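Here's a quick briefing to read alongside the structure. Take a look at the fold, then work through the points below.

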Amino acid sequence: MKKWLLLLTSAGFKTLPTLLGFGTLPTFLPTFLSTSVLQAQTLNQTDDGFRGIWYHIGKLDNEYVHKYSGGLGTYPANHSPFSVYSPEAKKTFFCFGGASKDAKPSLLHEISYFDHTTGQVARPTIVLNKATDDAHDNPVLNIDAQGYLWLFSTSHGVERPSYTHRSRKPYDISTFDKIEATYFKNGKQLPFDNFSYLQSFYQKGKGFFHLMTHYERGILKYGAKKPRRTIGYITSKDGIQWSDIKDIGTIEEGHYQTGGQWNNKIGTSFNMHPDTEKGAGLDYRTNLYYVETNDFGQSWQNAQGEKLTLPLSTPQNGGLVKEYRSAGLNVYINDLTYDAKGRPIILFVTSKGPDPGPSQGPHTWQVAFFNGKTWEINPVTTADHNYDMGSLYVENPTTWKIIGPTEAGPQPYGTGGEVAVWISKNQGKTWQKQTNLTPNSAFNHSYVRRPQNVHPDFYAFWADGHARQPSESSLYFSTKKGEVFRLPRQMKNELEKPIRVKP
């Protein structure tokens, strides 16, 4: 019985005292547990193909079934990077949320690469079984100056631990070692084993800079048990010993942030969650903010260069880009990037509420660009879901590109859709659709991600899946030219060519 108590505690089970009278394993375990996998395990096993995780949240009593759901192996928007191009190795390394072969799949943290010399992909390595099916726990990848690959395994809140792994050899995916990372809190060195919504940046000579979220309870006006999603940052020279967490935003019920990097500049765009008497403020996320640092977090400013004191704690502050709360609009941030002059560009979606379907539309894709003096905000197109997520590319001073699921898919008003390419030739003022990358699909495609240090032959990375019910999920990438490839679900060899998807 003590063994089960230990395992269930690590998994976040909340009613352990009731178990003490049971002589056998109870049947009412949380959905992410099974009798075969009860806690996260470092595996270092070679998988035989690419299977993405299917995930859902927010059960609804209508035709849309869930608040959002589908193939979410590259979810969420505030995890990055999922893929990094290494010119030294001539490979794009990528990670994803994989699915075990169990009847109820468990989330696997997997890593592979695309070899730009041979045009082949490697059989993925299963680094970790996360002991959940929650895609919020998806991994994040980065590469340090010595070529070591780092896999950061996040957690959705505080119920499950987070993990850090580093490759045993540079540019090698075969074996990863678990790192017992530590950080400082109130002057004490503690295990760094819980972080959410992670975005990893690396600067040669300085190390890692992570944007992240931590959860705080007992501080909100309404609902003492509701958490505030506090956004902040943390740094480390070696990925092992980390600084303390420094807060960026503490407004009402918190924030979701999405970061970006340009040379030594690291910026973050975020919304705010109103402190609501009923329900969760995250369902009414609103407003758009932006702040940046040019000195690894020593000082912060807005896009205009005005110095800011963090954390930002009131809705009206120097980082505010656009106020949407009074208009009753939700804000879902997709991406943050920069032009050749280091000026920020934010891709985001606005809607009238959290529920799927047309009643709270339109779901308007918009681009906010700081032109050096002021923010310009212009619409791109409309889609049919809040969680239709894509990425923004600045290809040259006159060509900006968006790749994302803006078109209705086979499960309309569900997460994702058909992936399209949009082009702007005037710095985001107007947009035209260039092409559809995935016409006539069986499932919706979702969460199209831009690799870090992107290479034209591995230009966007995403997954598909049924938007209403559990299904298999495949992983895809496209080239800059618009060729789409599916990663093989079953591999017989260590290296194989990806499968070209006919347009």
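This is a predicted model: local features need pLDDT of at least 70, side-chain atom pairs count only at pLDDT 80 or more; totals for chains, interfaces and linings use all residues.

The residues lining the second largest pocket split into 18 nonpolar, 11 polar and eight charged. Residues are numbered from 1 along each chain as its sequence is written, and side-chain values use heavy atoms, with hydrogens and water left out.

**The second largest pocket**

- The second largest pocket has a volume of about 600 Å³. A pocket is an open set of points on a 1 Å grid over the protein atoms alone, with protein on both sides within 12 Å along at least five of seven lines, and lining residues have an atom within 4 Å of a point. The volume is the space filled by probe spheres set on the points, which are joined across faces, edges and corners.
- Its lining takes in 37 residues, and H136, Y197, Y256, L282 and R285 lie nearest the centre.
- Two or more lining residues come from each of β3 (66–71), β16 (207–217), β17 (227–236), β20 and β26. Strands here are DSSP runs of E with at least two residues, numbered from the N terminus.
- Which element gives the most to this lining? That's β26, with four residues.

**The largest pocket**

- About 1200 Å³ of space lies in the largest pocket.
- This pocket is lined by 47 residues, with Q261, P451, Q452, N453 and V454 closest to its centre.
- The elements that give two or more residues to the lining of the largest pocket are β4 (83–86), β9, β15 (196–203), β20, β26 and β30 (391–396).
- By class, the lining of the largest pocket comes to 21 nonpolar, 18 polar and eight charged residues.

**Cavities**

- There are three cavities of 30 Å³ or more in the structure. A cavity is a set of grid points where a 1.4 Å probe fits but cannot get out.
- The second largest cavity holds about 40 Å³ of space.
- Among the residues lining the second largest cavity are Y64, H66, K67, P356, H385 and R468.
- Five nonpolar, five polar and two charged residues make up the lining of the second largest cavity.

**Salt bridges**

- How many salt bridges are there? The count comes to 23, where a salt bridge is a side-chain nitrogen of Lys or Arg within 4 Å of a carboxyl oxygen of Asp or Glu.
- R123 pairs up with E494, and their closest N and O atoms are 3.5 Å apart. R123 sits in the loop between β7 (120–122) and β8 (125–129), and E494 in the loop between β37 (484–486) and β38 (495–496), so this pair ties together parts 371 residues apart in sequence.
- Is R123 buried or exposed? R123 is buried, at 18% relative accessible area; buried means under 20%, exposed over 50%, and partly exposed in between (1.4 Å probe, protein chains only).
- R325 forms a salt bridge with E252, with 3.1 Å between the closest N and O atoms. R325 is in the loop between β25 (320–322) and β26 (330–338), while E252 is in the loop between β19 (246–249) and β20 (257–262), so the pair ties together parts 73 residues apart in sequence.
- R325 is partly exposed at 34% relative accessibility, and E252 is also partly exposed, at 24%.
- E376 and K429 meet through their side chains in another salt bridge (3.5 Å, N to O). This pair links distant parts of the chain, with E376 in strand β29 (residues 375–383) and K429 in the loop between β32 (418–424) and β33 (432–436), 53 residues apart.
- K429 counts as partly exposed, at 40% relative accessibility.

**A four-stranded sheet**

- Four strands make an open, antiparallel sheet in the order β9-β10-β11-β12; two strands pair if DSSP finds at least two bridges between them.
- β9 (139–143) and β12 (176–179) are at the edges with a single partner strand each, so one side of each has no neighbour in the sheet.
- β10 (residues 149–153) and β11 (residues 163–167) run antiparallel and are joined by four bridges. L151 has H165 in β11 as its bridge partner.

**A glycine in a loop**

- G254 is in the loop between β19 and β20, and G254 is buried, with a relative accessible area of 0%.
- G254 and M272 are 18 residues apart along the chain, and 5.7 Å separates their C-alpha atoms.

Methods. Ala, Val, Leu, Ile, Met, Phe, Trp, Tyr, Cys and Pro count as nonpolar, Asp, Glu, Lys and Arg as charged, and the others, Gly among them, as polar.
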